[in-house]
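Hi everyone, thanks for coming. Today I'd like to walk you through how two parts of one chain meet. Have a look at this with me.

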Amino acid sequence: MTQLSPARSSFHPAVESDEWWRSAVIYQVYPRSFADADGDGIGDLPGITAKLPYLRDLGVDAVWISPFYPSPQSDAGYDVSDYCDVDPLFGTLADVEALVSRAHDLGLRVIVDLVPNHTSDRHEWFQRALAAPPNSPERDWYIFRDADPADPERTPNNWESVFGGPAWSKTPDGQWYLHLFDSSQPDLNWENPRVREAFKGVLRFWLDRGVDGFRVDVAHGLVKAAGLPDIDRTTEELQGEGMTTSAAPFWDQDGVHEIYLSWRAVLDEYPEDRVMVAEAWVEPYERIARYVRQGEFHQAFNFSFLEAPWDAAVLRECIEESFRANDLVGAPTTWVLSNHDVIRPATRLALAPEHFTSQLGAPVPAPNPELGARRARAATTAMLALPGSAYLYQGEELGLVEVLDLAEETRQDPTFHRTNGERLGRDGCRVPMPWQRDAPAYGFSESGAAWLPQPTLYGDLAVDQQEGEDGSPLELVRTLLALRRERALGTGSFDFVDLAAAAEARAGADNKASAGSGIVAFDVTTAAGTTRVVLNLGPQAWPIPADARILAASDPSVTDSVPTDCAVWLAIA
Ligand code: GLC
């Protein structure tokens, strides 16, 4: 039962609910880079299971695991060749069951990844389609089109792959098939009822094995506009600022929603709250909120928050609009700064405004590491106080940086290869986790093997270097998560606080300078009291009032003021 508390007229009201996902902190595990139990240099399910106590101690509520299904690994497992099994690289079905059961014993929930927009070209559905003649029922599982007899080399339309190059490839018999991503990832035809039925079976397969939910890959892509019309913009332009993604005939089409209504009905047949979270790169806020309407997804990733540059006004507006849009449909807002597709925040947040980019790791000049580390800690500190659900990507709690200088021959992201290296791709945020400074592969794998080389800096940032170290990023996140739980911040009410006005009033008419204007400040109120969060992105330190008590600070040296690029949590009377 969920109730929005009517008592207070807060900007975002408190939520009284026993639904765990409304306020959960969810940790993303990228299996190939988390922990390698069998020594082949690629992380695996037994590796994850062994580290679950670390996640319990960190203080998260749930784990989302990126794909571990059989796959040729052309897109690191997002090219699935069998939705109901496990790739031997990662383990077995019995390993999944052991992982889920251990997680549940530790009080952690488990969310798995579902990739419905496309399969691998090795999937038996696609192999069957290729073996069958054009226009056969087998081909109707995918999006095939005849070549133009007058110009057989012309693609059926001008759509581009997200990873670069055309979104069409040719079969040996001359037909074209659509792939919004790599040519090894053909798009399924969601107009075909058989495809819809097949995926309900996949949902049940994993729900029967006890998983608590699904993160749905490319949830905004399944339905394409009728007739597959040409588009007058490149994919890159569409992803650029200010473009509403529904302007593209392959993103955010209204028809996707009936698919999710039908999936939700399947989830609701199961006991306990099983959840779906949408990976939908959709703008503006009202469009993304459509995915979390009654009877559809429980959550959608808030990518506007992730993509916000280091600017107080932009952040404030993003928080405001996120709450506004989600509250209207009764859904929790999610907060996310990092995942396996974007430049790590400890690097991204220090990029100069003209180089600021969040996605797919375009080549950027190496930014100042101290500045990045400082801002990432401040951003995480502010994020973990926000009501709703928050996501952490593995290594974010260690302050890991993007590895920008990976040698060409080690790079595996199809983006790098499809753009001839013009776009570096996402390998830099996927480098294996450092657990121990003085162990082979920094404790990632006993054999010392690692599928991507780890920089020496990762040794200094290893878990064993941070554990118990006051002021380390890891201890900061542990403290924040413990306080978040203790003060029930995830379900609190939220109000902005105008510190700029207060500072101006204090400074008097002659000194209206900007003490406070670069600040994002807000109160989160629960039965435990009011937690005031002050995030300073401006040039001037903000003096902490004498009657406020510091609960946590992103900069451990903070005593009486909040300096630039720092965030604090204050208990106020
Ligand atoms: C999603 C995944 C990304 C993958 C793509 C294609 O955006 O997060 O890693 O490459 O979908 O499946």
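Predicted model: local features only at pLDDT ≥ 70, side-chain atom pairs only at ≥ 80, totals over all residues.

Between domain 1 and domain 3 there are 2 salt bridges, a salt bridge being a side-chain nitrogen of Lys or Arg within 4 Å of a carboxyl oxygen of Asp or Glu.

Residues are numbered from 1 along each chain as its sequence is written, and side-chain values use heavy atoms, leaving out hydrogens and water.

Now, where are these domains? An automatic or database assignment puts domain 1 at 20-116 + 193-477, domain 2 at 118-189 and domain 3 at 497-572. Counting contact as heavy atoms within 4.5 Å, domain 1 and domain 3 bring 19 residues each.

On the domain 1 side, α9 (312-328) and α11 (369-383) each supply at least two residues; these helices are DSSP runs of H or I, at least four residues long, numbered from the N terminus. The top contributor there is α11, with 7 residues.

And how much area is buried between domain 1 and domain 3? About 1500 Å², with carbon and sulfur atoms giving 67%. That is the accessible area (1.4 Å probe) that the two parts lose on being put together, summed over both.
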